[in-house]
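Subject: Structure for you to look at

Hello,

Here is the structure I promised to pass on. Please open it alongside these notes.

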Amino acid sequence: MREKINQDLKDAMKARDSAKVDALRLINAALKDKDIEARGAGKTLTEDDVLALLQKMIKSRQESLDIYEKAGRADLADKEKSEIAVISSYLPQQLSQEEVAEAVKAAIAEAGATSIKDMGKVVAALKAKYTGRMDFGKASAAVKAALGG
């Protein structure tokens, strides 16, 4: 994935696509920060770590986008939208609501969850299988509803 990001950065620079260049540089900077953090802990980044980082970046930009739209700052909102589009292009296809519901049911059955106390086990099972493919905030709400919370 890193090679693709770096190649896309070179292509965007050649095409003089400054918005894409900026977004790709942000991704690279975040990856380097995460690498340094992982090295300090004696680990290396896995593909799942990279996907989780990209999701975190998108979530942060979504929050900023909401704030900018409420404040009437269309220029900043447009910049956030373009960054979200670039970052999203590196994530795998997101699951639909129906697929998320099915995954939640399967994870509940797999974990043998019977009450809201088992919610952590179910969410952990979902994260193990679907990192980068679902919004775990929404998935957590679905798990809570399914377990009668």
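The largest pocket has a volume of about 670 Å³. Please keep in mind that this is a predicted model.

The lining of that pocket comes to 22 residues. Nearest the pocket centre are Gln 55, Met 134, Asp 135, Phe 136 and Gly 137. Of the elements, α3 gives the most, with six residues. By class, the lining of the largest pocket is made up of nine nonpolar, seven polar and six charged residues.

Next, a helix pair. How do the two cross? The crossing is right-handed.

On the α6 side, the contact is made by Met 119, Val 122, Val 123, Leu 126, Lys 127 and Tyr 130. From α7 come Phe 136, Ala 139, Ser 140, Val 143 and Lys 144. Sorted by class, this contact has eight nonpolar, one polar and two charged residues.

One residue to look at in both places is Phe 136: this residue is among those nearest the centre of the largest pocket, and it also takes part in the contact of α7 with α6.

Best wishes

Note on methods:
Residues are numbered from 1 along each chain as its sequence is written. This is a predicted model: local features need pLDDT of at least 70, side-chain atom pairs count only at pLDDT 80 or more; totals for chains, interfaces and linings use all residues. Side-chain values use heavy atoms; hydrogens and water are left out. On a 1 Å grid over the protein atoms alone, a cavity is a set of points where a 1.4 Å probe fits but cannot get out, and a pocket is an open set with protein on both sides within 12 Å along at least five of seven lines; lining residues have an atom within 4 Å of a point. Grid points are joined across faces, edges and corners, and a volume is the space filled by probe spheres set on the points. Helices (H or I, at least four residues) and strands (E, at least two) are DSSP runs, numbered from the N terminus. Ala, Val, Leu, Ile, Met, Phe, Trp, Tyr, Cys and Pro count as nonpolar, Asp, Glu, Lys and Arg as charged, and the others, Gly among them, as polar. A crossing is left-handed if the near helix is turned anticlockwise from the far one by less than a right angle, and right-handed if clockwise. Contact means heavy atoms within 4.5 Å.
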